[in-house]
Amino acid sequence: MALSKEQLEHLIARSSDIVIATDREGKVVYYNDGASRTLGYSPDEVSGLYVGRLYPSIEEARTVMKAMRAQDHGGAGIIETFRTTLLSKSGEEIPVAISGTILFDEQGQENGTVGFAKDLREILHNDKLATLGEVAIGLSHEINNPLAVMVNQITLLEREIDILAGDRDNAVESERINCLLREIGRISEILNRLGSMVESEQYATVEYSGPARMIDLSERRAERSEDRRLEGLHILVVDDDSGICASLKEILEADGCTVETASDGAEGLRRLGTADFDLVVTDVVMPNMDGYELYKAIRERRPELPVLMMTAFHFDKDHIIKRSRMEGLQGVIFKKPVDPDRLRDAIIESVKR
């Protein structure tokens, strides 16, 4: 069944594609609903407007008209799926593919143009997702196997260190090994997130340098519920760094703990004499009284009170941790930065002993 003129006009007007017609002077004489939705202008705003205003530049508009008069894109007077860019009312540059023709009057003179433009944003987005999928498959194959070998070798190395250390304290070496394993775990998580993006067909970008952007692979943590295991604990945090005290206090109070802080070992001892605590978290290197001296004093006054020791150094340069372990210290965590999950687990393990 042939379409009537009215039906054809209604179909074009309601088309989701951009349809724009101009007169011989290049002024807009027709602008459909699809153009309004995509470009943001109402028909009244563009009626009589020079069509070049709908391009990022006059040069871009001239490029389209030049292509329409050439033989390379469907023949003289015609272009088919010609890639260009239109400019929306909000200033967004929209990639499109234009198919159009020059209109002629009865005397064969140019009388205007009509063009159908396809918004390519979704198509290009899907192309990027397909590329991302190929990258994700390649990365998983090329990186996960070496990571597995690294984990195995590090595990064997850890056993050898334990054997060679014998009765000596190897806490620093163990921490370094744990650090390597954590970083390998982070790499695996990044690969998993990349795979999830491919499956969900969704990704985001972040600014990288200047106008350049990169795929955002940062971890999206869901809001963590309070750790009820810590609820009700009374904890003393001793550190000469006020920022560390404040951050630990915030983390632990969010989990239902009551937290007091002290700026050195001497002040910590005074607070222990005024309140009943379930656990002490202390720095290693502090003025007036270091972590070892504080631990020894706590052992004398409150031998049942658990103590966790933390340090910003990657080696026990004053052998404070080693001496404390020889005195019976069980819990050692490392900060800079403090790992909240590791801290919570260490606290729970200490108060259970």
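A crossing of two helices is called right-handed if the near helix is turned clockwise from the far one by less than a right angle. The views below are taken from a predicted model.

**View 1. Crossing of helices H7 and H11**. Helix H7, which spans residues 242-254, passes helix H11, residues 340-352, in a right-handed crossing. The axes of H7 and H11 come within 11 Å and cross at roughly 65 degrees, and because angles of 65 to 115 degrees count as roughly perpendicular, H7 is described as roughly perpendicular to H11.

**View 2. Residues in the contact of H7 with H11**. Helix H7 contributes Leu 248, Ile 251 and Leu 252, while helix H11 contributes Pro 340, Leu 343, Arg 344 and Ile 347. Sorted by class, this contact of H7 with H11 holds six nonpolar residues and one charged residue, with no polar residues.

**View 3. Crossing of helices H8 and H9**. The axes of helix H8, residues 265-272, and helix H9, residues 291-301, come within 10 Å and cross at roughly 20 degrees. Because angles under 35 degrees count as roughly parallel, H8 is described as roughly parallel to H9, and the crossing of these two helices is right-handed.

**View 4. Residues in the contact of H8 with H9**. On the side of helix H8 the contact is made by Gly 265, Leu 269 and Leu 272, and on the side of helix H9 by Leu 294, Ala 297, Ile 298 and Arg 301. The residues of this contact of H8 with H9 divide by class into five nonpolar, one polar and one charged.

Methods:
Residues numbered from 1 in each chain as written. Predicted model: local features only at pLDDT ≥ 70, side-chain atom pairs only at ≥ 80, totals over all residues. Heavy atoms only, no water. Axes fitted to C-alpha atoms, helices over the stretch in contact; angles between N-to-C directions. Helix = DSSP H or I, 4+ residues; strand = E, 2+ residues; numbered from the N terminus. Parallel < 35°, antiparallel > 145°, perpendicular 65-115°, else oblique. Contact = heavy atoms within 4.5 Å. Nonpolar A, V, L, I, M, F, W, Y, C, P; charged D, E, K, R; others polar.
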